[in-house]
Amino acid sequence: MHERNAMKDTLPLYRDFSSIHAVDPEYYSAKYDVKRGLRNADGTGVLAGVTNISNVHGYVVSEGDKVADRGRLSYRGYSINDLVDHVVAEDRFGFEETAYLLMSGELPTAEQLATFRSMIDEQRDLPDGFTANYIMKPPTRDVMNCLARSVLQLYAFDPNAEDRSAEHEIDTSVMLLSRLPRIMVLAYHVMRDKFHGDSMFIHHFVEGQSTAETILSMLRPDRSFTDTEAKTLDIMLMLHAEHGGGNNSTFVCRALTSADTDPYSAYAGAIGSLKGSRHGGANNRTLMMTDDIKQHVADITDEGQVADYLRKIVKKEAYDRTGLIYGMGHAVYTLSDPRAELCHKYAERLVKGTEYEAEFRLLENIERLAPVLLAEAGKSKDICANVDLYSGCVYGALGIPRELLTPIFACARMAGWSAHRFEEIVSGKRIMRPAYKKTGSARDYVAISDRA
């Protein structure tokens, strides 16, 4: 190992990595007005397409100025608030209905929903030997890695994997919508066994269970869960099912689709994007910050003590010294995130009277205090809680381990990715090919004998 490291030290490739790949910031702003991150100077996104699938509203542009507004999220024109509230009022599961709405464009009739659920149920079985040969071998420390790898491996079990017909596209997305939750839970148990010394158990799925029930049933050793737990997880799946065409993983899915690649490659790419700490992986950053606050604040129910410590975080004197309060702020939402509001609304009934109630109250304090403290520091006036602020507490109360927070996000977002792939296939019609400006000047070739 020492000899190998010494060899690497002789190569600028390793030694000078940052300097080799640095681009003068002047090129981005002053010289070429590059929209870094595909964002305009005011934070709004560069318009890259149109979609009928969903709308994420967080501000209005009035006479060229960005003006904060209450957040709204709609799926196929239906408010997410209405979709969730009606399912809760009717005391039933809503994720499968939400997936059908996103993929088909219309709310299903009772008969259509029953048929769609049956199609999902029929696909839960994995190919013979898949668990032993592709989930257990080799084991991985990250469940998202296993999800992406498994999606690509399922390509090999599909004799018509390159079929681009509408029927095959729908069949593939329904199959993945069905199987990803099972793959996720199996990968988690394998990881715990191989790397943490836990006992590994594998439950078969129960026919007829919803996606939320399947996850809880396969995850827990005794397979037991309450109706409230399952329906709270179902709400979380609904909230994570879709969030517009501009979020990174959906954009990746559409970009890959525009190249006319197969569905397995497109969805695996989207999973890889969602894994990133700036995207789906952000939920764990919020949990780690909360852990840190609980370690350093004597009474987390005392607003003054919490405010004092958050002020240190903002001043880069505490936690990870970034000055960020995780769970607060969003690329689009300014005054409110409807997903965070719904998460708060329905989480309260779950945590009431449990060990998680104190943490829930801490998060409420963070939501109240953060905008004031950030404004004091001159950082932002229009900042609100995002869905990550409360989601970790909800999953904790459900007994869902942190390693599964982003994978559950992926299982839900499969519905939105599918809808966007379908739309890109039908309406995109052109490979995405943005421009990059080359910097630097031309150089003459140097013979190898003359190189310093």
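Is Asp-193 buried, partly exposed or exposed? Select it and see: with a relative accessible area of 23%, Asp-193 is partly exposed. Keep in mind throughout that this is a predicted model.

**The nonpolar core.** Next, pick Ile-325 and Ile-366. In the largest nonpolar core, which has 117 residues, these two touch the most other members. Now show helix α10, residues 166-196, which supplies the largest share of this core with 13 residues. Colour domain 1 (95-276 + 403-427) and domain 2 (282-397) separately: both give residues to the core, so it lies between them. Then zoom in on Ile-366, whose contacts include Met-289, Ile-293, Leu-310, Ile-325 and Leu-389.

**Helix α12.** Move on to residues 227-240. This helix has 14 residues and spans 20 Å from its first C-alpha to its last, close to the 20 Å expected. Twelve of its 14 residues are buried, so α12 is largely enclosed by the rest of the structure. Among the buried ones are Glu-229, Lys-231, Asp-234 and His-240.

The whole structure holds 27 salt bridges. Glu-162 is partly exposed at 44% relative accessibility, and Arg-164 is partly exposed at 26%. Another stop is Lys-35 with Asp-33, which meet at 3.6 Å, N to O. To finish, select Glu-348, Glu-357, Arg-361 and Glu-364, which are linked in a network of salt bridges.

Methods. Residues numbered from 1 in each chain as written. Predicted model: local features only at pLDDT ≥ 70, side-chain atom pairs only at ≥ 80, totals over all residues. Heavy atoms only, no water. Core = buried A, V, L, I, M, F, W, Y, C linked by side-chain atoms within 4.5 Å. Buried < 20%, exposed > 50% of the residue type's maximum accessible area, 1.4 Å probe, protein only. Helix = DSSP H or I, 4+ residues; strand = E, 2+ residues; numbered from the N terminus. Domains from an automatic or database assignment. Contact = heavy atoms within 4.5 Å. Expected span 1.5 Å × (residues − 1). Salt bridge = Lys/Arg side-chain N within 4 Å of Asp/Glu carboxyl O. Lists of a residue's contacts leave out its neighbours within four places in sequence.
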